[in-house]
Amino acid sequence: MCGRINYRIDRWTRLKLAELGLDPDSIPDPPLPATVNIAPTEPVPVVHRWDERIAFNYMRWWLHPQWSREEPNQKYAMFNARIETIASSRAYKGPFRRRRCVLPVSAFIEWQRQDDGGKQPYLLEAEDDLLLLAGVWDLWQEQLLSCAVVTEPADSAFEHIHQRMPLTLSTGQAQRWLNHEENPEALLKALIGSRVPLTATPVSPAINNAKHKVEAKPVGDPRRIG
């Protein structure tokens with residue numbers, strides 16, 4: 001799964017996002033005073049297609065389907081979309097076919113279960129690059145933009161941390177994910193199992209509290225995954 005996100009919208013990030021077709025100067029600053037330890041339901045940066053152009057928006061990280069008659073809520077866990085069922089799920093199949101997106105982040109946080117029942121958080125970062133997480137988005141009643149991160153079963157290098165991991169994309173793969181002309185089923189088959197090389201660093205459990213909007217303090221050495 002993917003439970004917390006860090007991101008930054010600096011000049012370097014803007015230039016990297018230009019590779020996806022965005023005007024660097026069109027990307028707005030974050031709506032939050034903090035951009036670390038961002039939890040589900042909070043705004044996250046999203047690159048997506050809008051009227052056949054590449055656009056950038058901050059969206060609620062907890063997808064609320066456009067067909068829902070209910071107000072946005074947390075009744076069901078909708079911040080992660082499983083890749084195994086994304087093409088058939090009532091909530092995700094429409095967004096998967098027509099509203100795929102990419103979340104540009106600097107890191108995500110995952111928790112490793114400990115023998116004593118506790119959980120050790122790990123900060124996962126790309127090696128000297130921006131992380132591009134595959135996602136899907138939707139628009140509810142012309143009012144709320146929301147999204148979910150696509151997750152897949154962990155590979156052998158990642159599974160010691162958690163049994164699931166986000167689908168991370170290279171720039172070329174992200175361009176394909178955003179391309180509505182791609183056949184969705186063929187695209188899914190081509191990308192499942194994809195993961196960019198990551199660095200995992202054990203960090204202080206203080207960030208387990210989503211109210212702590214501070215940089216995670218390392219409590220061990222970083223380790224390359226993949």
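This is a predicted model: local features need pLDDT of at least 70, side-chain atom pairs count only at pLDDT 80 or more; totals for chains, interfaces and linings use all residues.

Mentor: Start with Cys 101, which lies in strand 5 (residues 100-105); strands are DSSP E runs of at least two residues, numbered from the N terminus. Residues are numbered from 1 along each chain as its sequence is written.

Trainee: Is Cys 101 buried or exposed?
Mentor: Cys 101 counts as buried because its relative accessibility is 0%. Buried means under 20% relative accessible area, exposed over 50%, partly exposed in between (1.4 Å probe, protein chains only).

Trainee: What is Cys 101 in contact with, leaving aside neighbours within four places in sequence?
Mentor: Its contacts include Val 46, His 48, Cys 147 and Trp 177. Contact means heavy atoms within 4.5 Å.

Trainee: And which residues have the most contacts inside the largest nonpolar core?
Mentor: Ile 5, Leu 103, Cys 147 and Trp 177, in a core of 64 residues. A nonpolar core is a set of buried Ala, Val, Leu, Ile, Met, Phe, Trp, Tyr and Cys residues joined through side-chain atoms within 4.5 Å.

Trainee: Which strand gives the largest share of this core?
Mentor: Strand 8 (residues 131-140), with seven residues. There is also a second, separate core of seven residues, with Ile 109 and Val 203 among them.

Trainee: Why would such residues group like that?
Mentor: In soluble globular proteins, nonpolar side chains tend to be buried together.

Technical notes:
Side-chain values use heavy atoms; hydrogens and water are left out. Helices (H or I, at least four residues) and strands (E, at least two) are DSSP runs, numbered from the N terminus.
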